[in-house]
Structures are given as C-alpha cells and as structure tokens.
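This report walks through one protein chain, from its overall layout to a few selected residues. Please keep the sequence and the model at hand while reading.

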Amino acid sequence: MDQKEKIVKLAVNGGISFGAKLNAKQLTVIAEHMNEGDELELTTFQQLYIEVPESKVEAVKETFKEAGLSCYPVGNFVKSLRTCNFCKGEKEEGMPVAKELNHRIAGKAVPFTLKAAYTGCPVGCGEPMLSDLGIMKIKDHYSLYVGGKAKGKDAEVGSLLAENLTPEELYKTVEKVIEVYSQMGKKRETFYKFLKRIGRDQLIS
C-alpha cells in the first residue's frame, strides 16, 4: 500500500497592507490549488490557511509569490503582522515601516505562536493592545506594547514597554524582545505566560 503523502498547512495573505485584501487573480490562484470540497480557514490575523501536499509546497509558494501572495509557516512561529483596516494614506500611517517590520520578524521560530499587530494611529483598529506585541504609530514615532491577551477570563490589554521610537529603534527593540523570548521561553510557553514569569525588565535589559 502506498504511504499517504504528508499534507502541509500554509498561511497565506495578500501581503502587508491596510486590512486584509485579495484580488481576483490571487483568489483564482488559491482556488487552483484546492480540491472540490476543500475549505479555506480565515484566521483572526488576516491569514488564510490552505493545505497542500508536502512535495508541492515549494512550487505552490513560488506560484503564490508570482501572484503577489505571501506565505508563512504555521505553528510555533511569529505570525505575519496584523495591520489597520482603515487609513489616511500609506505614508501618513507608516505602512512602509509595518512592511519592513513584518519582513524582519514574520516566520521566526519561537516557543509558541507569537502574534504582533500594528496600527497607524491611536484609534488602534489593528488591535495592538490585544496582541503579544503591539505597535502604535503616534505622529512620527512608535510605541511598543507587550503582553496583550484577547481571550479567556484573564484577558488583558498590553502594557507600554517603550515609546517615542524611531523606525530603526522599533525594529531593534522588537527583534530583541523576540530573541529573548526565543532563548528564555519554555517549550509551548505562550508569550503572555513567559512575560508573567520573567517580568518586562528582562525583555530589553
């Protein structure tokens, strides 16, 4: 009997932009890699989960890339950045910074799935206060919040870790936080629990 081929789950979206958007070509390309009866799972972090045979993963990734789709690993990795659903213009809302930050952190291995969210103004429609890492643009600088938790009876908003950061300072601070979590976090320890265990001071000490 032939051994059944392993199925791999991919997280897909239309890249980092204002809200979750896919064009007709992208939808068609995704549909071409699905069988009749297959379903797409839409996550709260602006991603679609699609399952593909392991032998076709790289080819599918390349096809998706050509259509302008971004692919990320599923599991204990930093998820792609969740962004605003409303805007006043790409430059005003700092979307180039969000794109660069996503490029630097998305897909990094961590003890447990890490969610990061970005919003271009204090309205906070990207829900940064309810994510493990939350970035809020205020005028020309950025504030970083940590430890938000959206679900459960112990749900709470994130607390301010650093403020008035330049883009470069933001990148370095977020990367440092992820590095500390990667090195000091226990296997399958959520960032929320990790933060409660070690305290905020060790994140950027």
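A residue is called buried here when its relative accessible area is under 20%, exposed when that area is over 50%, and partly exposed in between. By that cut-off Tyr181 is buried, and Phe194 is buried as well. The model is a predicted one, and every value below is computed from it.

**Overall layout**

The protein chain contains 5 helices and 8 strands, and, read from the N terminus, these elements follow one another in the order β-α-β-β-α-β-α-β-β-β-β-α-α. The radius of gyration of the protein chain is 18 Å, which agrees with the value near 17 Å that a compact globule of 205 residues would have. Taken along the principal axes, the box filled by the C-alpha atoms is roughly 55 × 40 × 30 Å.

Of the 205 residues in the protein chain, 43% are buried. Among the contacts with a separation of 6 or more, 63% are between residues 24 or more positions apart. The accessible surface of the protein chain is about 11,500 Å², and carbon and sulfur atoms account for 50% of that surface.

**Aromatic pairs**

Because Tyr118 belongs to strand S5 (residues 116-119) and Tyr142 to strand S7 (residues 141-146), the pair ties together parts that are 24 residues apart in sequence. Tyr118 and Tyr142 are both buried.

Tyr181 and Phe194 form another tilted aromatic pair, with 5.1 Å from centre to centre and 50° between the planes. Here the partners lie in helices, Tyr181 in helix H4 (residues 167-184) and Phe194 in helix H5 (residues 191-198), so the pair ties together parts that are 13 residues apart in sequence. Tyr181 and Phe194 also belong to one aromatic cluster, which they form with Phe191.

**Positive phi values outside glycine**

Asn164, a residue of strand S8 (residues 159-165), has a phi near 55°, which is a positive value in a residue other than glycine. Is Asn164 buried or exposed? Its relative accessibility is 56%, and because the cut-off for exposed is over 50%, Asn164 counts as exposed.

Arg188, which is placed in the loop between H4 and H5, likewise has a positive phi in a residue other than glycine, in this case near 65°. With a relative accessible area of 52%, Arg188 is exposed.

Lys9 lies in strand S1 and is partly exposed, with a relative accessible area of 32%. Not counting residues up to four places away in sequence, Lys9 touches Glu41, Tyr49, Ile50, Glu51 and Val74.

Asn13 also has its place in strand S1, but Asn13 counts as buried, at 7% relative accessibility. Once its neighbours within four places in sequence are left aside, the residues in contact with Asn13 are Leu22, Gln46, Gln47, Leu69, Ser70, Tyr72 and Ser80.

Asn23 is found in the loop between strand S1 (7-13) and helix H1 (24-32), where it counts as partly exposed at 39% relative accessibility.

| Residue pair | Apart in sequence | C-alpha to C-alpha |
|---|---|---|
| Lys9 and Pro53 | 44 residues | 8.8 Å |
| Asn13 and Cys71 | 58 residues | 6.8 Å |
| Asn23 and Thr173 | 150 residues | 34 Å |

Definitions and conventions: Residues are numbered from 1 along each chain as its sequence is written. This is a predicted model: local features need pLDDT of at least 70, side-chain atom pairs count only at pLDDT 80 or more; totals for chains, interfaces and linings use all residues. Side-chain values use heavy atoms; hydrogens and water are left out. Helices (H or I, at least four residues) and strands (E, at least two) are DSSP runs, numbered from the N terminus. The radius of gyration is taken over C-alpha atoms; the globule rule is 2.2 Å times the number of residues to the power 0.38. Buried means under 20% relative accessible area, exposed over 50%, partly exposed in between (1.4 Å probe, protein chains only). Contact means heavy atoms within 4.5 Å. Accessible areas come from the Shrake-Rupley method with a 1.4 Å probe; for residues, only the protein chains shown count as cover. Rings of Phe, Tyr and Trp (its six-membered ring) pair if their centres lie within 6.5 Å; planes under 30 degrees apart count as stacked, over 60 as edge-to-face and the rest as tilted.
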